[in-house]
Amino acid sequence: MSKRILVIDDARVMERLVAGILNHQGYETQTAASVGAALELLAAQPFDLITCDLMLPDVSGLDLLAMMQNGKIQPYVPMMLITGLAQSECLDEAKTMGVLDILTKPFSPQQLMDAVGEILK
């Protein structure tokens, strides 16, 4: 059975790019363009990993992680953030909250696969 990954990004191009790379490597993906849509998917089905853009239109990826942890909606699913920001305060907070990896845009398909492979091994 292939691992299931939820890809959350409000930029459709990035969402499709990440999901496409992961699908090509044999992972099953679902996509969401907002935290609201992601929460609906998380309530309905299990995932092995979440890749999430840090900055989303409704709330941040860190806010989503806090909602999952506080609301007990798949609170132990590993999360990897994807961001165009390189603010160390935000990245430190993400690690403290339990984010396992942070990819900074732009990144290569190999960097994405290495990060996902390391988390899911």
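This report walks through the fold, the surface and the salt bridges of the structure shown above.

## The overall fold

Welcome to a predicted model. Its chain holds 5 helices and 5 strands. Reading from the N terminus, the elements follow the order β-α-β-α-β-α-β-α-β-α.

How does the chain fill space? Along the principal axes, its C-alpha atoms take up a box of roughly 35 × 30 × 25 Å. For 121 residues, a compact globule would have a radius of gyration near 14 Å, and the 13 Å found for this chain agrees with that.

## Inside and outside

Of the 121 residues in the chain, 45% count as buried. The accessible surface of the chain amounts to about 6300 Å², and carbon and sulfur atoms account for 54% of that area.

Contacts also tell us how the chain folds back on itself. Taking the contacts between residues at least 6 apart in sequence, 62% join residues at least 24 apart.

## Charges

The chain carries 8 positive and 15 negative side chains. The centres of these two sets are 6 Å apart. Some of the charged side chains pair up, and the count of salt bridges comes to 4. Three of them are described below, each with its own setting.

## A pair within one helix

Let us begin with Arg12 and Glu15, whose side chains form a salt bridge with an N to O distance of 2.4 Å. Both belong to helix H1, which covers residues 12-24, and because they are 3 residues apart there, about one helical turn separates them.

Are these two partners buried or exposed? Glu15 is buried, at a relative accessible area of 1%, while Arg12 is partly exposed, at 42%.

Asp53 is buried, with a relative accessible area of 7%, and Lys105 counts as partly exposed, with 28% relative accessibility.

## Lys121 and its partner

Which residue does Lys121 pair with in a salt bridge? The partner is Glu118, and the closest N and O atoms of the two lie 2.8 Å apart. Here Lys121 is exposed, with a relative accessible area of 76%, and Glu118 counts as partly exposed, at 49% relative accessibility.

Definitions and conventions
Residues numbered from 1 in each chain as written. Predicted model: local features only at pLDDT ≥ 70, side-chain atom pairs only at ≥ 80, totals over all residues. Heavy atoms only, no water. Helix = DSSP H or I, 4+ residues; strand = E, 2+ residues; numbered from the N terminus. Rg over C-alpha atoms; globule rule 2.2 N^0.38 Å. Buried < 20%, exposed > 50% of the residue type's maximum accessible area, 1.4 Å probe, protein only. Contact = heavy atoms within 4.5 Å. Areas by Shrake-Rupley, 256 points an atom, 1.4 Å probe, with all protein chains shown as cover. Lys, Arg positive; Asp, Glu negative; His and termini not counted. Charge placed at Lys NZ, Arg CZ, Asp CG, Glu CD.
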